[in-house]
Amino acid sequence: MYNVLVVDDDKEIVESIEIYLRNEGYKVFKAYDGLEALDILTNEEIHLILMDIMMPKLDGIKATIKIRQEKNIPIILVSAKGEDTDKILGLNIGADDYITKPFNLLELIARVKSNLRRYMNFGNFNNETREDVLRSGGLELNTSTKEVKVDGNQVKVTPIEYRILELLLRNKGRVFSIDEIYEKVWKEESFNVENTVAVHIRRIREKIEINPKEPRYLKVVWGIGYKIEKI
């Protein structure tokens, strides 16, 4: 059984989501602001968070930033705002996914299942036996420990960032289009995903590159896609 934390100051929305999640076999924890969410995370093992953005005391953006300092569990941001800038902000501060109110509860459940599946299979693209450490110069990814290091220093990455890196490191020198990256990492059909992928690529660069504006490892091939350089 997976534990899902639902965080929203609208109690009716929380109760509606809770009914659907419990029907799918999930155990549901409820919080009505970011501070309550942080308290629950301290005392309970949570596998996924559904986080509203606009809340009293501590909003979803600030709560997500605090959570990301300690945990890599999937976070799906929920907001009434549908503009791309809000979505990009959420992804930039470490969210894995984003859904806009009003939403279809069946779609929400599908997003929950998809993110949990990626998280629980963290870094495993298939069942083949592979080498434990993938390298390009000073960049290393250990598929056994799920650690990423640059010049021997560990770098904290989210599950999505890890999977993007693993995909590109397993295929050094090969250029993947945005659609290919999305479909292989998110395991969903791509549609208007340019911003989503670009934000995660930028976050990876900020973590692994000395100068993200002049990357050594993660290169863009303009008009085509991205690759990890062979070094």
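Biologist: What should I know about the model, and from which number do residues count along each chain?

Modeller: This is a predicted model, where local features need pLDDT of at least 70 and side-chain atom pairs count only at pLDDT 80 or more, while totals for chains, interfaces and linings use all residues. Side-chain values use heavy atoms, with hydrogens and water left out, and residues along each chain, as its sequence is written, are numbered from 1.

Biologist: Thanks! How many helices and strands does the chain have?

Modeller: Helices (H or I, at least four residues) and strands (E, at least two) are DSSP runs, numbered from the N terminus. By that assignment, the chain has eight helices and 11 strands.

Biologist: And what is the radius of gyration of the chain?

Modeller: The radius is taken over C-alpha atoms, and the globule rule is 2.2 Å times the number of residues to the power 0.38. For 231 residues the rule gives 17 Å, and the chain comes close to that, so it is as compact as a globular protein of that length; its own value is 18 Å.

Biologist: Which residue in E9 is the bridge partner of Lys-149?

Modeller: Strand E8 (residues 147-150) and E9 run antiparallel, joined by three bridges. Within E9, Lys-149 has as its bridge partner Gln-154.

Biologist: At what angle do H6 and H7 pack?

Modeller: Axes are lines fitted to C-alpha atoms, for helices over the stretch in contact, and angles run from 0 to 180 degrees between N-to-C directions. The axes of H6 (residues 159-170) and H7 (residues 178-185) are 10 Å apart, and the packing angle is about 115 degrees.

Biologist: How many residues of that contact are charged?

Modeller: Contact means heavy atoms within 4.5 Å. Ile-160, Arg-163, Ile-164 and Leu-167 of H6 meet Ile-181, Lys-184 and Val-185 of H7. Asp, Glu, Lys and Arg count as charged; Ala, Val, Leu, Ile, Met, Phe, Trp, Tyr, Cys and Pro as nonpolar; and the others, Gly among them, as polar. The contact divides into five nonpolar, no polar and, for charged, two.

Biologist: Is Ser-114 buried or exposed?

Modeller: Ser-114 lies in helix H5 (residues 105-120). Buried means under 20% relative accessible area, exposed over 50%, partly exposed in between (1.4 Å probe, protein chains only). Because its relative accessibility is 3%, Ser-114 counts as buried.

Conventions. Two strands pair if DSSP finds at least two bridges between them.
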